[in-house]
Amino acid sequence: MERKLVLSEQEPSYLDFTSTSSLLLWCSIDSEGTHTEFQWTDYSAAVFRNLQEFDEINFDDYSDSMRRRETLKLLFSNKKNVTSLRLPHDDRFILKIISKSQMKVFLEMLPKYYQHVKSYMNTLIANFYGIHVVKPRGGQKVRFIVTRNVLQSDSRIHKHFVIRGSPHSYHVNKAGDEEDLNMTFHLHTSHRNKILMQLKHDCNFLEEAGITHYSLLLGMHICSTPFEAALQVRHSPRYSTGSADCSESSDGPESEHGDADQDLSSDDDTTSSCSTETEDRLGVKMAARAVGFRKRESNVVSTHTAGTVQPNNVNLFFGITDILQHYSVRKHIEHVLKSLQTDHPSVSGVNPKGYSTHFQECVSKIFPENDFDINML
């Protein structure tokens, strides 16, 4: 692929949140090998370069990964109009195709987002690495934002869940069907406290930014390692929330996901020994016990009951995603109308403060107070 700089604005200054820079790319993405000219525009490149450095991502590597043929082909061969795309050549990143209004929401939020990440290096909000617009000659623009792949792991992710700000959470499988989440995850008490504290900081930021309807994406790897052994390594003074000097880490590719109702007992085909390497980042390879539960009146029950699935050792990967939904007058009207029609209005219409409260309550139930502390260090 050839690259050619075109006349663009002055090189963005350090932390200039409004800068743009453009270049032309020539690339063949069709089966006939026809070369097409693409105009590529980067927004707030200097700011995102700092955000990449926070996660120890090399800027040149990132740029090469984004502008290569495989990326352009993925963006413009997206016949199913999927909004979230994973690069086949680089599983560190998720590309999210966004609308013009979503792009405006994020760019307006970017200065405060940058300060939030700088203050809380262990934020649970999935890190953003860039926002770009690509337009082929004679074609339509594609706007997309690049985020960290929350489910990146060297281990297989057996299941993943999307947890929203309501009493209902869902298992997501490859077919796109959703089922009720049927388990809770018991962490070491100190880890749970740090997660909920960071969650509070993150939700306060999203609330102030007027953001609603975000989710907690949670992936689960089923282990065979004794739970106490994994905890002994993880329970470290270096493991802190909101610390500016916390180290960052990354894992491996997102994997396939199993059936929601499968038994969590150890199985040679679905489990493996969990690594005991220390991870310092909240939401990355966190040792926990998954406990099946029953529901009472459609609410999450945080305690396990007789006859449910036995506790199973797992590693968890999770982060807050989908933060580009800004609360609007339309959302307020939607909330009012649905409140008149039902006692349980859609959470999509709840205002940012209400959604933040619901979301934190939901996550605290997914990570209940520990029933296993007697066996923990």
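The structure is a predicted model, in which local features need pLDDT of at least 70 and side-chain atom pairs count only at pLDDT 80 or more, while totals for chains, interfaces and linings use all residues. Residues are numbered from 1 along each chain as its sequence is written, and side-chain values use heavy atoms, with hydrogens and water left out.

**The chain as a whole**

- The secondary structure comes to 8 helices and 14 strands; helices (H or I, at least four residues) and strands (E, at least two) are DSSP runs, numbered from the N terminus.
- The chain has 377 residues, of which 51% count as buried. Buried means under 20% relative accessible area, exposed means over 50%, and partly exposed lies in between, with a 1.4 Å probe and protein chains only.
- Among contacts with a separation of 6 or more, 75% are between residues 24 or more positions apart. A contact means heavy atoms within 4.5 Å.

**Helix α4**

- Helix α4 takes in residues 100-119, which is 20 residues. From its first C-alpha to its last it reaches 29 Å, close to the 28 Å expected at 1.5 Å a residue. The expected span is 1.5 Å times one less than the number of residues.
- At leucine 110, shortly before proline 111, α4 has a kink of about 55°. The bend at a residue is the angle between axes fitted to the seven residues ending there and the seven starting there.
- The buried residues of α4 are Met103, Val105, Phe106, Met109, Leu110, Tyr113, Tyr114, His116 and Val117.
- Tyrosine 114, in helix α4, is buried because its relative accessible area is 3%.
- Leaving aside neighbours within four places in sequence, tyrosine 114 is in contact with Leu15, Phe17, Val47, Asn50, Leu51 and Phe54.

**Nonpolar cores**

- The largest nonpolar core has 54 residues. The residues with the most contacts inside this core are Phe106, Tyr113, Phe185, Leu316, Ile320, Ile323 and Phe367.
- Helix α4 supplies the largest share of this core, 8 residues.
- A second, separate core has 20 residues, among them Leu85, Leu87, Val142 and Phe144.
- A nonpolar core is a set of buried Ala, Val, Leu, Ile, Met, Phe, Trp, Tyr and Cys residues joined through side-chain atoms within 4.5 Å.
- Isoleucine 323 touches Met109, Ile125, Phe128, Leu206, Ile211 and Tyr214, with residues up to four places away in sequence not counted.

**Helix α8**

- Helix α8 (residues 352-366) has 15 residues, which should span 21 Å at 1.5 Å a residue; its end C-alpha atoms are 21 Å apart, so the two values agree.
- In α8, the buried residues are Pro352, Tyr355, Ser356, Phe359, Cys362, Val363 and Ile366. They lie on the same side of α8, because they cover an arc of only 135° around the axis. The arc is that of the directions from the helix axis to the C-beta atoms.
- Serine 356 lies in α8 and counts as buried because its relative accessibility is 1%. Apart from residues up to four places away in sequence, serine 356 touches Cys203, Glu207 and Tyr214.

**Cysteines**

- The count of disulfides comes to 0, where a disulfide is a pair of cysteine sulfur atoms within 2.5 Å.
- Cysteine 27 counts as buried at 3% relative accessibility, and cysteine 362 counts as buried at 5%.

**Loop residues**

- Most residues other than glycine have a negative phi, and most peptide bonds are trans.
- Lysine 285 has a positive phi, near 50°. This lysine 285 lies in the loop between α6 (227-234) and β13 (286-292) and counts as buried at 8% relative accessibility.
- Aspartate 322 also has a positive phi, of about 60°, although it is not a glycine. Aspartate 322 lies in the loop between β14 (312-321) and α7 (329-341), and at 38% relative accessibility it counts as partly exposed.
- Glycine 139 sits in the loop between β6 and β7 and is partly exposed, with a relative accessible area of 22%. The C-alpha atoms of glycine 139 and phenylalanine 76 are separated by 9.9 Å, and the two residues are 63 residues apart along the chain.
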